Amino acid sequence: MDELSTVMDSKLTLKADMCQIDELSNKVDQLSMESKSVKDTTKTHWNLPDPVSIFFGRENLIKSIHLKLQQNQAIALSEMGGVGKTQTAAKFVQIHKDEYQKIFWISAVSLKKSLNEILCAFGCKQLIPDEPSMETLTFIFLSKICEGSKKSLVLLDDVTEVTKDVTSFIRNVKEKINLLLTSQLKDWEDYGLFQIAVPCFHEQESIGFLQNELSSANQHEISILA
């Protein structure tokens, strides 16, 4: 009986989400007829990190990310903490920012809050219903801000837990626009993402990094630090 109740609750929740999205779709169409755009066209990117000033090597990794995104594959940068997943994603954005019309850097721990803030920042506050589901927020985000354009990119940073909201967001976003996420978790292939393990620096990369940052140190001191 418990399993049956759970299944029924899930179906009712899904049905409610779909009804909310249908109603919202009609509202979006109506607003689009009244106005050519409900978004702030002066906005292009959201919450991008400061340019990465300390970065060394990993050119091939950046190239791999670029290639896979060009092939319309959603990407997960994974591996243990501290190897530079977020810095690599930030460096990719710094290099390839001009290739995208819109880029959104979203912290996974505040996903729903961030989506609300994005919708408000881009002039879509009036479309947000009371107590919106993740499906509804994602629908507005994709249809009115990104408009389904592959020239939009979402950076979902530091996914520490695969929640219902996270899986819903990933499922919908990766079908419409470019998606790059960072996480210590693995097995992202199960969610339809191409997983790239970010390696630790090998010795020569460590030495090169330190040489770049510690120009006053000699070779022996750098080798010891590396």
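**A close look at the aromatic rings**

Modeller: Happy to! Let's start with Phe104, which counts as buried because its relative accessibility is 0% (buried means under 20% relative accessible area, exposed over 50%, partly exposed in between, with a 1.4 Å probe and protein chains only). Keep in mind that this is a predicted model, where local features need pLDDT of at least 70, side-chain atom pairs count only at pLDDT 80 or more, and totals for chains, interfaces and linings use all residues. Residues are numbered from 1 along each chain as its sequence is written, and side-chain values use heavy atoms, leaving out hydrogens and water.

Rings of Phe, Tyr and Trp (its six-membered ring) pair if their centres lie within 6.5 Å; planes under 30 degrees apart count as stacked, over 60 as edge-to-face and the rest as tilted. That rule gives four aromatic pairs. One of them joins Phe104 to Phe141 edge-to-face, at 4.9 Å centre to centre with 75° between the planes. This pair links distant parts of the chain, 37 residues apart: Phe104 is in strand β3 (residues 102-107) and Phe141 in helix α5 (residues 134-146). Helices (H or I, at least four residues) and strands (E, at least two) are DSSP runs, numbered from the N terminus.

Phe141 is buried too, with a relative accessible area of 0%. Phe141 also forms a tilted pair with Phe169, at 6.4 Å centre to centre and 35° between the planes. Since Phe141 lies in helix α5 and Phe169 in helix α6 (residues 164-176), this pair ties together parts that are 28 residues apart in sequence. Phe169 is buried, with a relative accessible area of 0%. Ring pairs link Phe104, Phe122, Phe141 and Phe169 into a cluster.
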